[in-house]
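Here is a friendly note to read alongside the model. Please keep the 3D view open and find each residue as you go.

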Amino acid sequence: MLFTSFSNVSTSTAATGLSSTTSTITTTTVTTTSTSTSTTSSFTMNLKPLTSTGVNNTVPFTLTISEIITPVMTYGQLSGLVNKWSLELEDQEKHFLHQVTQVNAWDYTLIENGETIIALHGEVQKVKQDQKRLEQELYFILSQQKELEDLLTPLEESVKDESGSVCLQHTYEERERISSRSAKF
């Protein structure tokens with residue numbers, strides 16, 4: 001028993017002037033399960049040239065497929081393919097589960113590191129506040145030292161006038177002692 005079907009399809013685009021024509025002939029024989037297909041296509045561009053020369057712009061395109069034979073699959077072949085695909089699926093599942101385990105471990109590590117970063121950020125803020133407080137105290141100590149120097153300078157001048165160099169030596173030693181103590185703080 002031989003069945004034959006013919007179909008002609010024509011497509012055109014008005015805006016560009018393109019047209020395509022395809023003819024397909026399919027022949028199917030039931031007893032041998034073979035299929036014959038013949039395809040003929042033509043491609044036509046009906047574009048207007050820049051100068052009117054009267055030339056028709058036509059580019060024919062023909063594709064012919066003489067015969068496609070559909071293979072017949074047995075139950076054993078189908079069963080073998082299903083088994084092969086099942087094994088491949090199991091391998092892919094194992095690989096997927098391994099990757100999921102790795103991603104979970106990375107996620108746990110990221111969460112731990114995030115918590116560590118938050119704790120470190122809190123400690124850094126505390127250190128910044130301590131540093132600011134120490135700078136204020138240092139500024140206060142420096143201002144007190146400046147006031148003491150301002151008070152000592154006139155006293156040194158008056159003692160210099162009264163006692164001479166002996167008292168000045170004692171004042172110089174006292175000043176050095178006070179300066180060394182303030183430098184320790």
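The points below cover charged pairs and then a surface patch.

1. Before you start, please keep in mind that this is a predicted model. Searching the whole structure turns up two salt bridges. As background, side chains of opposite charge can pair when their charged atoms come close.

2. Start with Arg133 and Glu137, whose side chains meet in a salt bridge with an N to O distance of 3.2 Å. Why are these two separated by about one helical turn? Because Arg133 and Glu137 are four residues apart in helix α1, which covers residues 75-163.

3. Now check how open this pair is to the surroundings. Arg133 has 42% relative accessibility and so counts as partly exposed. Glu137 is partly exposed too, with a relative accessible area of 38%.

4. Next, look at Lys146, which forms a salt bridge with Asp150; their closest N and O atoms are 3.5 Å apart. Lys146 and Asp150 are also in helix α1, and because they are four residues apart there, about one helical turn separates them.

5. Are Lys146 and Asp150 buried, partly exposed or exposed? Lys146 is partly exposed at 49% relative accessibility, and Asp150 is partly exposed at 44%.

6. Finally, turn to the nonpolar side chains. Which residues form a nonpolar patch on the surface? They are Met73, Leu78, Val82 and Trp85, and together they have about 400 Å² of accessible area. Among them, Leu78 lies in helix α1 and is partly exposed, with a relative accessible area of 41%.

Notes
Residues numbered from 1 in each chain as written. Predicted model: local features only at pLDDT ≥ 70, side-chain atom pairs only at ≥ 80, totals over all residues. Heavy atoms only, no water. Salt bridge = Lys/Arg side-chain N within 4 Å of Asp/Glu carboxyl O. Buried < 20%, exposed > 50% of the residue type's maximum accessible area, 1.4 Å probe, protein only. Patch = residues over 30% accessible without salt bridge, like charges linked within 9 Å, V, L, I, M, F, W, Y side chains within 5 Å. Areas by Shrake-Rupley, 256 points an atom, 1.4 Å probe, with all protein chains shown as cover.
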